[in-house]
Amino acid sequence: MPTALFVSPHLDDVAFSCGATVSWLVSQGWRCVLATAFTRSVHHPTGFALACQTDKGLPLDVDYMALRRQEDAACGQTLGIEAVRWLDFAEAPHRGYDSAAQLFEPPHMGDTVVEPLGQALRALCSELQPAMVFAPLALGAHVDHVQLHRAVRLAVAAQTPVVWYRDMPYAMRAEDDSSCDAGSANVAVALEDRHLQVKLDAGACYGSQLGFQFGGVQSMCAALTSFAHAEGRKTRLAGRPAERFVAAAAAARWLVGSPRTALLIGR
């Protein structure tokens, strides 16, 4: 069976961004693997790093990333993912980014995570031999998303078709709806209600994030459902809800021509 590798910056991004596509591929017999880059536990955090935990209502003595890894494992089970991998890199607040504003500024000169992250991705692709890699487009310019995007471009894109997903919740606010470069194309997958529901169930696994990101589980379900319908209206999918992606032209042709996918060129 073919393998699709879904690469996530944080322990929730794939579920919120393209969880229905994961569910659809699983139903079509694909082996799906989820690999998340920034998952390392850092004991006794301080300053802004600690605030990123306490502002979500979690007590000081909780291993924040261990809790999130448990949520991620539950999400993987919900989506039908065969394997969940945690690459054990530290999130930006543990790499010298000291405020919320800095998370959305250009990466620091001293942030050297791209090279080792690329090495980890190359090793993972060598092991799994994926037919496709899904990775963040880095909408919203969160530094962890940007650095992972760069690592995928450097380490993966030349060897394996890469499909860039639209990062949630940033995609809901993105004004720029263009492709990531001149040689790319928009593609979309038409969603069935059952796969959209699996996405919502998977998103609900990330209880530590729902209040901060969406205002709660009901608001998350409403937001993701509404966005999927809005994405469908931007394609030629006859008004069906959709998840949209960006792919290099060669990858887009491969996707559209594959009998195992329902990905279609969007307008």
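Accessible areas come from the Shrake-Rupley method with a 1.4 Å probe.

**Figure 1. Overall fold and surface of the predicted model.** The accessible surface of the protein comes to about 11300 Å², and carbon and sulfur atoms account for 53% of that area. Nine helices and eight strands make up the secondary structure of the protein. Of its 267 residues, 54% count as buried, and when contacts between residues at least 6 apart in sequence are considered, 81% of them join residues at least 24 apart.

**Figure 2. Close-up of the largest pocket and the residues nearest its centre.** The largest pocket holds about 650 Å³ of space, and its lining is formed by 35 residues, among which C52, K56, Y64, R68 and E91 lie nearest the centre. Two or more lining residues come from each of the elements α2 (47–54), α3 (64–79), α5 (143–155) and α7 (207–213).

**Figure 3. Composition of the lining of the largest pocket.** Sorted by class, the lining comprises 17 nonpolar, nine polar and nine charged residues. Helix α2 gives the most to this lining, with four residues.

Figure 4. Because its relative accessibility is 32%, P116 counts as partly exposed, a class that lies between buried, under 20%, and exposed, over 50%. Although P116 and A151 are 35 residues apart in sequence, their C-alpha atoms are 8.6 Å apart in space.

Notes
Residues numbered from 1 in each chain as written. Predicted model: local features only at pLDDT ≥ 70, side-chain atom pairs only at ≥ 80, totals over all residues. Heavy atoms only, no water. 1 Å grid on protein atoms, 1.4 Å probe; cavity = no way out; pocket = protein on both sides within 12 Å on 5 of 7 lines; lining within 4 Å. Points joined across faces, edges and corners; volume = space filled by probe spheres on them. Nonpolar A, V, L, I, M, F, W, Y, C, P; charged D, E, K, R; others polar. Buried < 20%, exposed > 50% of the residue type's maximum accessible area, 1.4 Å probe, protein only. Contact = heavy atoms within 4.5 Å.
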